[in-house]
Amino acid sequence: MEPFIGGGAVFFAINRKYAFETAHISDSNEELALAYRVVKGNVEALIDRLGVIQTAFHETPREARSDYYYTVRGEFNANREKTDFETFHSSWIHRTAQLIFLNRTCFNGLFRVNLQGGFNVPFGSYKNPRILDEFTLKEASASLQNTEISMGDFTTCEKFVDSTTFVYLDPPYRPLNRTSKFTGYSKGGFSDSDQVRLAEFFRTIDQRGAKVMLSNSDPKNEDPDDLFFDTIYADYLVDRVPAKRAINSNGKLRGEISELIITNYQTNCQTQAQQPLMDTTLRGDMV
Ligand SMILES: C[S@@+](CC[C@H](N)C(=O)[O-])C[C@H]1O[C@@H](n2cnc3c(N)ncnc32)[C@H](O)[C@@H]1O
């Protein structure tokens, strides 16, 4: 189960390798949940629709492409009010095609909305963006066939968790410094009190016997005395791992920094780290 599915990097990677019998993904972003449902159930129609948009965009002279982008963005936002995000409607296919188009052509592939829920990312400057990736869409669709898709706050997933569930939690990261305040993939953002609420959810599903893994930023990158996560996850295993940051407004933090992996069980990496040091040649043989 993944209650903060976002782009689903972990879900798709693990599913590709181990082919889940069943899975459950969820997100509070209703546009994203709608798109996953379309990719799951209507991938051929989506590919056709996206092909039409891609052709139209590529046939538009370069100097007029930003106008094309803003027209699609305007239509996408104008249709939001009349979209029923709960019950399937054929208009979902066009909406998903527009969402993918916007994602492939907007600035940095960001998803950001204003307080009214309107998508407000400006046009990006790509030479020849790939808008339709038929292979990936079909592969994603195949991956989603045994997958339940829901929409809402992470707490709504509680009822689907039991002692056989593995839950991966990848919430919006806690900002590392006062200028990196980007936690708002959707309206409302994700505050420290949401992080505390999530720690309570972690405990609830831990008590149900689920195996739980959570990732987050490590406040100690900026302030060695910041024990926010060490405190709220004091009863669990808090591991610090090196990670590369691709999206960060602060150039200094784009390199390798430490991130947190918090689990309620011991991972293989932790087990290996705790083994006594071995002879280096022997280690070499094992690699
Ligand atoms: C860090 S991203 C997840 C990234 C994802 N692992 C990936 O591979 O792209 C966090 C996600 O949490 C979602 N989100 C934010 N607040 C939420 C909430 N209260 N409940 C559920 N999902 C939420 C956002 O819409 C976003 O998709």
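The exposed residues Glu44, Val52, Thr55, His58 and Glu59 of helix H3 lie on the face turned away from the helix's buried side. This is a predicted model, and the protein chain has a mean pLDDT of 89.

**Helix H3**
- Helix H3 spans residues 43-59, a run of 17 residues.
- From its first C-alpha to its last, H3 reaches 24 Å, close to the 24 Å expected at 1.5 Å a residue.
- Val43, Leu46, Arg49, Leu50 and Ile53 are the buried residues named in H3; they are on the same side of the helix because they cover an arc of only 125° around its axis.
- The buried residues of H3 pack against helices H2 (30-41), H5 (91-105) and H6 (134-144).

**The open sheet**
- Four strands form an open sheet in the order E3-E4-E6-E5, and their pairing is mixed.
- Strands E3 (166-169) and E5 (237-244) are at the edges with a single partner strand each, so one side of each has no neighbour in the sheet.
- On average, neighbouring strands of this sheet are turned by 20° against each other, direction ignored.
- Strands E4 (residues 211-217) and E6 (residues 256-263) run antiparallel and are joined by 5 bridges.
- Opposite serine 217 stands glutamate 259 in E6.
- Helix H7 (residues 192-207) lies across E3 and E4 and runs at about 165° to E4.

**Confidence**
- A pLDDT of 70 or more is reached by 86% of the residues of the protein chain.
- Residues 276-287 have a pLDDT below 50, and this stretch has 1 contact in the model beyond near neighbours in sequence.
- Where pLDDT is low, predicted coordinates should not be read in detail.

Note on methods
Residues numbered from 1 in each chain as written. Predicted model: local features only at pLDDT ≥ 70, side-chain atom pairs only at ≥ 80, totals over all residues. Helix = DSSP H or I, 4+ residues; strand = E, 2+ residues; numbered from the N terminus. Expected span 1.5 Å × (residues − 1). Buried ≥ 20, exposed ≤ 12 C-beta atoms within 10 Å, placed from the backbone. Arc of directions from axis to C-beta. Contact = placed C-beta atoms within 7 Å. pLDDT = per-residue confidence, 0-100. Pairing = 2+ DSSP bridges. Axes fitted to C-alpha atoms, helices over the stretch in contact; angles between N-to-C directions.
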